[in-house]
Amino acid sequence: MNFPSTPGLFARRDIRPGELDQPESLLQTYAWMQLARTGDNRILDLFRQGLIRGTVTGGQGNEALIVPLALLADKAIDVISFSHRGFGGHLIWSGHLGDHLCQYFANSGSPTKAREGNIHHGDPANRSLPMISHLGIMLSNVIGSTDSQRRLGKPAVGFAFFGDGSSSTGDIHESLNLAALLSVPVIFVIENNQYAYSTPVSEQFVSANLFERAKGYGMEGFAMDCSDPTHVLKTLSAAIARVRTTRKPLLIEAHTFRLRGHAAYDTCDYMKPGEAEAIIARDPLPKFRAKLAAAGHAARLDAIDAELHDFVEATIKASLALPPIDPAGMAEDVFAPPAAPMAWQPSPAGPENMTMAQAINRGLRKILTERPESVVLGQDIGTYGGAFKVTEGLVDDFGRPRVFSTPLCESASTGYALGLAVNGHRVIEEFQFADFATDAMTQIVLNAATYHFRAGQKCPVVFRFPCGGGLTFGSFHSQEMESAFLSFPGLKALYPSNPQDAFNALLAAYEDDNPVILFEHKGLYRRGKHPVKWDPDYRSVWQPAKLRSGDFATIVSYGEMVLMAGEACDYFAEEYETTFDLFDLRALAPLNLDAVKASLARTGRLVVVHEGRRAHGFGAELVARLTEEHFAQLKAPPLRIAALDLPVPFAPELEAVYRPSRDKIVDAITAWMG
Ligand SMILES: Cc1ncc(C[n+]2csc(CCOP(=O)(O)OP(=O)(O)O)c2C)c(N)n1
Ligand SMILES: [Mg+2]
């Protein structure tokens with residue numbers, strides 16, 4: 001980008017522990033703080049001029065925390081995710097001021113290709129993880145990437161920020177506990193500025209000292225006053241050195257400042273008379289400047305301010321001059337591009353009879369054996385082998401930390417997996433039941449699934465979803481989740497119906513550079529043993545399989561319903577000499593429907609059978625996609641066979657009414673034929 005060259009003033013982005021008291025270090029700190037402040041103030045002006053859209057949440061008042069921290073961190077190995085008050089930190093971590101301004105101008109220079117606004121950018125290549133808006137969510141990502149660095153032999157420290165308001169979210173609890181449990185050296189920083197938007201801390205929690213929560217997690221915690229950057233430099237430098245050595249997490253409650261309202265539009269009417277003025281009077285920046293001036297640096301400070309002013313204005317001009325963003329490429333960027341197949345060993349060489357659960361276990365073993373970057377995690381998946389014994393024996397053979405049981409923290413464990421994945425590991429996460437993935441919805445559908453689109457970074461995680469009903473598990477252990485999850489862009493999904501496909505699907509999902517959901521119907525885990533072997537054509541699971549050929553209609557199904565639809569086909573062949581094309585979809589996202597469309601063009605009749613509910617169900621999408629092109633050539637209206645629009649009921653008599661079955665498929669098709 002053609003930005004003005006950065007003044008020598010900002011050439012150094014680091015302060016070493018031995019340099020804390022040196023005048024140059026303090027002047028350097030001042031310069032970065034002033035750059036952050038000037039940048040934030042100018043961003044607000046430009047917003048008011050209509051040159052920045054959305055809104056802006058400034059970091060004015062937070063510089064005395066964020067600047068020393070970013071200067072002290074080891075940018076070559078450490079991991080960080082700034083909050084919406086961290087503009088100064090972004091400036092120091094990497095890039096040119098212009099890059100960061102373009103994020104706000106949402107033009108062709110934007111690091112997120114203008115797909116995200118405000119301060120929702122980062123620099124994933126340099127381990128600055130871009131925040132999503134949902135507060136609390138980024139903590140576990142930092143834990144994951146920091147642990148990834150550690151697994152790679154790098155003595156990294158992670159830095160994760162959250163506000164006093166965010167401290168009430170469930171993700172904060174999940175993450176602090178997880179970091180303590182796994183002993184991941186992350187410094188959690190509470191930016192306590194006394195307000196969450198308009199809500200004062202007195203209306204958020206009872207305990208005045210948030211840092212005291214650390215004790216409950218078995219970690220060190222302390223409060224830090226942020227009115228003087230010299231104090232912050234010393235306190236943080238010692239803390240970082242300690243955490244880097246002990247490899248234990250730490251909670252710091254930083255008493256920091258929000259000099260303006262929550263965001264550009266906030267008029268702060270909720271504050272008491274004089275309160276806003278009192279906060280501004282405590283602004284650390286002018287105090288720090290006065291201290292440095294009193295120490296004999298007045299002329300240097302004036303020079304810094306003048307040089308900085310010119311640099312900021314020239315950079316704003318250059319940034320604003322960049323062309324608008326080109327919408328081309330948006331659709332392509334939803335997914336990371338297809339990767340070359342991995343160099344798998346051809347094992348198992350000959351067919352071995354196994355259940356689907358054993359086939360998945362074999363696939364996991366193969367991955368753990370052949371792929372050193374792989375990590376398998378989930379609840380009870382260690383010694384116990386998982387609720388369905390799919391991971392049996394893995395921890396014995398591969399050990400922790402490559403295979404490990406997580407506590408009950410679906411959101412944080414998924415965020416942790418994501419953090420590992422964006423740093424070069426590849427994770428397979430088992431959900432005990434697919435139903436519990438709703439607790440990780442934000443991490444999966446908003447964070448992992450959007451990662452490549454907004455950050456250009458691959459995020460290879462396989463989410464194993466043991467799903468489906470028929471086993472009298474009731475409403476919370478029997479769901480089919482595909483339509484809920486797949487309406488969000490950025491997720492791939494496979495749904496095998498037999499052991500060989502399950503084995504193939506696991507390998508295909510694993511080597512994909514995108515988050516992939518692997519739906520595993522619990523009722524199929526032990527539905528007989530079938531031959532499984534190394535299949536060089538394993539990637540064909542991304543295409544539907546044609547299981548039967550016939551003339552009357554085209555049936556499309558997936559999961560356990562493939563088996564039931566097959567039995568229904570047997571019935572029609574015997575009783576009516578009527579035959580069907582039957583497709584097992586296998587891949588639910590992306591959908592590859594060419595073969596099914598060709599069949600439909602021939603038969604002119606479409607039947608979609610799935611186990612999930614009918615309303616907003618996956619069948620609606622299938623019918624639309626399959627019929628919108630050749631609607632006029634259809635001989636009959638499409639038939640959807642699905643579950644009733646009820647929560648999954650418990651008793652077998654009720655579930656039998658709720659769910660499609662072989663008999664119900666027969667009845668529905670018979671009525672339709674009539
Ligand atoms: C989970 C979630 N709920 C609501 C919001 C909307 N929101 C954005 S910032 C904010 C206040 C956050 O307060 P705090 O954590 O103290 O951070 P501060 O803005 O004071 O720095 C709220 C409610 C959000 N981003 N995420
Ligand atoms: Mg706050």
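Ala114 is found in the loop between α4 (97–105) and α5 (138–151); helices (H or I, at least four residues) and strands (E, at least two) are DSSP runs, numbered from the N terminus. Ala114 has a positive phi of about 60 degrees, although it is not a glycine. Most residues other than glycine have a negative phi, and most peptide bonds are trans. With a relative accessible area of 23%, Ala114 is partly exposed; buried means under 20% relative accessible area, exposed over 50%, and partly exposed in between, with a 1.4 Å probe and protein chains only.

Before I continue, a word on the model. It is a predicted one, in which local features need pLDDT of at least 70 and side-chain atom pairs count only at pLDDT 80 or more, while totals for chains, interfaces and linings use all residues. Residues are numbered from 1 along each chain as its sequence is written, chains are lettered from A and ligands numbered from 1 in the order in which they are written, and side-chain values use heavy atoms, with hydrogens and water left out.

Thr472 also has a positive phi, near 45 degrees. This residue lies in the loop between β12 and α16 (482–486) and is partly exposed, at 28% relative accessible area.

I turn to the cis peptide bonds. One joins Arg400 and Pro401, with omega at about 5 degrees, and Pro401 sits in the loop between α12 (394–398) and β10 (403–405). Another runs from Ala589 to Pro590, with omega near -5 degrees; Pro590 belongs to the loop between β19 (587–589) and α19 (594–603).

Next, the metal site. Which residues coordinate the magnesium ion (ligand 2)? They are Asp164 (OD), Asn193 (OD1) and Tyr195 (O), at 2.0 to 2.2 Å. Donors here are N, O and S atoms within 2.8 Å of the metal (3.2 Å for Na, K and Ca), and water is not among the atoms, so sites may look incomplete. Along the sequence, the donor residues follow the spacing D-x28-N-x1-Y. Asp164 is buried, at 1% relative accessible area, and Asn193 counts as buried at 11%.

The strands β2 and β3 bring us to the sheets. An open sheet of 5 strands has the order β1-β2-β3-β7-β6, with parallel pairing; two strands pair if DSSP finds at least two bridges between them. At its edges stand β1 (79–81) and β6 (220–225), each with a single partner strand, so one side of each is left without a neighbour in the sheet. Neighbouring strands are turned by 20 degrees against each other on average, direction ignored. Axes are lines fitted to C-alpha atoms, for helices over the stretch in contact, and angles run from 0 to 180 degrees between N-to-C directions. Within this sheet, 6 bridges join β2 to the parallel β3, and Gly158 stands opposite Val186 in β3.

Another open sheet of 5 strands has mixed pairing and the order β16-β18-β17-β20-β21. Its edge strands are β16 (545–548) and β21 (639–643), each pairing on one side only. Strands β17 (residues 553–557) and β20 (residues 606–613) pair in the parallel sense over 4 bridges, with Ile555 opposite Val607 in β20.

Finally, the aromatic residues. How many aromatic pairs does a search of the whole structure find? It finds 28. Rings of Phe, Tyr and Trp (its six-membered ring) pair if their centres lie within 6.5 Å; planes under 30 degrees apart count as stacked, over 60 as edge-to-face and the rest as tilted. Phe431 and Phe465 have ring centres 5.3 Å apart and planes at 80 degrees, so the pair is edge-to-face. Both Phe431 and Phe465 are buried. Ring pairs link Phe431, Phe463, Phe465, Phe485, Tyr495, Phe519, Tyr558 and Phe618 into a cluster.
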